[in-house]
Amino acid sequence: MQLLRKLAFPFSLLYGLVVYLRNYLFNVGVFSSVSFKTPTICVGNLSAGGTGKTPMIELLIHNLQNQYKLAVLSRGYGRKSKGLLIANSTTSVEELGDEPYQIYKKYPAVTMVVDGNRRNGIATLEKQIKPDIILLDDAYQHRKVKPTFSILLTAYGNLYTDDWYLPTGNLRDAKNEAKRANVIIVTKCPGAITAKEQQLIQQKLKPKKHQQLLFAILSYATTLKGYKSPLTINNLKDKKITLVTGIANPKPLVNFLSTQGLDFEHLAYKDHHFFTDAEIANFASKPFVITTEKDFVRLQGKLSNLCYIEVQHQILHEEKTKLLNSIKNIVR
């Protein structure tokens, strides 16, 4: 795969040129960006997945839902429906997409909408729902909408400054577009990250004066969910485990389970993978299956030996309050 990526370098140059021209046309006003009356909070990245956008959306919901009427707007990547769809109790994961479905099931009081046309989605929410805040999931490249506030995520160990354009690298947008963010959050940091490491990262990213730079670690739950009886990580230490993942970067989860002393095999699939009947039959033959919350919503009800592990962003140095206050300042 690495060899193929290197051979694809000329295509990455072409891709980078297209990205540059598109952003330039938006910057000079040839293509228009529209602002909306309702405050919109964009959560996104410059790379092709793997930075933890869904847990960041959930962090915002968890901390804002008691004060504001919230709505989430997503493209609904990988869904088997088209157009605008407002989630309800009968909506399936195939119609909504795995990440929007996960968010809706966890926070049913929050309006969840999928629409590839973000302008139409926001306009519909303003007309029908009238939320106080709209959270835009994975919309950093969607420049037809100018968000009120932008949160840019970049993963520790794969900073956008060290990356290159697709398909040679993972960048889907230009590095200098980071300047549009109000906050840059370095996600998936090791728990023992030092002040010196943070300073070195700051020197690499070079945030503008108006930008906050925050650091976050992934916090995994030790109590597992989805199984017929309560389970903890310790309950599994004498069992043969199969880990099933269909996410962009499973490495942090693999590392966490390894540090917990579990004996497991890892079956890795591409991001947003919808599992086939043959794959599900294979999982059913295993003694015990652990998966991610995002994968669980696609496997729920199909396996009796399945559980999932929750993950959350934990922002370091008590900086979460600073982030939330910045958001609250834009809500009138």
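Because angles under 35 degrees count as roughly parallel, over 145 as roughly antiparallel, 65 to 115 as roughly perpendicular and the rest as oblique, α3 and α5 are roughly parallel to each other. This is a predicted model, in which local features need pLDDT of at least 70, side-chain atom pairs count only at pLDDT 80 or more, and totals for chains, interfaces and linings use all residues. Residues are numbered from 1 along each chain as its sequence is written, and side-chain values use heavy atoms, without hydrogens and water.

Look along the pair next. The axes of α3 (residues 53-64) and α5 (residues 98-106) come within 11 Å and cross at roughly 25°; axes are lines fitted to C-alpha atoms, for helices over the stretch in contact, with angles from 0 to 180 degrees between N-to-C directions.

Now show the side chains between the helices. T54, I57, E58 and I61 in α3 meet E99, Q102, I103 and K106 in α5 (contact means heavy atoms within 4.5 Å).

Move to N45, in strand β1 (residues 40-45). N45 counts as buried because its relative accessibility is 0% (buried is under 20% relative accessible area, exposed over 50%, partly exposed in between, with a 1.4 Å probe and protein chains only). Leaving out residues up to four places away in sequence, N45 touches T51, K53, D138, Y140, Q141, L152, L153 and R172.

Notes:
Helix = DSSP H or I, 4+ residues; strand = E, 2+ residues; numbered from the N terminus.
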